[in-house]
Every structure is written in structure tokens, then in C-alpha cells.
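Biologist: Please show me the model, and then I will ask about a few of its side chains.

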Amino acid sequence: MKKVMCFGTFDVLHEGHKFYLSEAKKLGDYLVVVVARDETVKEVKSRQPLHNENERVKNLQQLGIADKVILGNPGDKLKVVEDEKPSIICLGYDQTFFTNNIKEKLRQRGLDVEVVRLPAYKPEVYKSSLIKKGRV
């Protein structure tokens, strides 16, 4: 079985997220989505998410694309990769936090994981920051 893993905040679910998850799902047999913890969102984006981590997990589960939706680890961001052992990690076109040298960091942990950056889906329309500002 080929397991695929995605990461994200998923605060306001939109078509761009659905595209990202659907494209990731096509790459394997089982999709695990890791939802950023509230404290991680605050650390990365300097603000609290609109929806708390449990609401965001529930919303993704209801979407029905992922086979498993879990919360990330607030400290060691790559521990979840060790725990789940995916074959592929999919990154969004604009994901930059915690992704620098990710292949090397995984290799140092003895993990041989393919890392794929997925393309954007209408980023001028379906970008969370734009949606939250009411610009679309």
C-alpha cells in the first residue's frame, strides 16, 4: 500500500484545498492529512486560526477525501512522518514553513520518503489569505 501524507492549516476549506487533497490522493492508496495545531498556526502565521484544531479536523473528515485526518505534533514537526511512515509527502505550492531541507531531514531520521510539490489551483482566487480578507 502506498501511503501519501499532506500537511496544512485548512482553516477555511476552499476549492484550492480540495484540489490539493484530491491530487495528493491520486498519488497513492491511502491519504493521511496532518492538520496544524493551533499553537503551530500562531507560531507560523502570527495569529490564531478562525477555527480551532478540532473543528478543522472535523471539517476535513466531513470532506471525505482523506482516509485519515490527524493533528500534527506541536514540537517535533516531523515526528508524525516517523509515526505514519508515508511513501510520499505532498506539499502545497506555497508551503514554505518546515519544508527547507525536508528530504535531508527525513533521510537523517532513516526515512526514505518521496517529496512532491503539487501545483496551485487558481491561486488568485482560492488562497486562504485572500478569502479571509474578503477579496474574492
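Biologist: Is Tyr20 buried or exposed?

Modeller: This is a predicted model, in which local features need pLDDT of at least 70, side-chain atom pairs count only at pLDDT 80 or more, and totals for chains, interfaces and linings use all residues. Residues are numbered from 1 along each chain as its sequence is written, and side-chain values use heavy atoms, with hydrogens and water left out. Buried means under 20% relative accessible area, exposed over 50%, and partly exposed in between, with a 1.4 Å probe and protein chains only. The relative accessible area of Tyr20 is 8%, so Tyr20 is buried.

Biologist: How many aromatic pairs does a search of the whole structure find?

Modeller: Rings of Phe, Tyr and Trp (its six-membered ring) pair if their centres lie within 6.5 Å; planes under 30 degrees apart count as stacked, over 60 as edge-to-face and the rest as tilted. The ring centres of Phe10 and Tyr20 are 6.3 Å apart with planes at 20°, so this pair is stacked. Across the whole structure, the search finds one aromatic pair.

Biologist: How many disulfides does the structure hold?

Modeller: A disulfide is a pair of cysteine sulfur atoms within 2.5 Å. The sulfur of Cys90 has its closest cysteine sulfur in Cys6, 4.7 Å away, which is too far for a bond. Cys6 is buried at a relative accessible area of 0%, and Cys90 is buried at 0%. The number of disulfides in the structure is zero.
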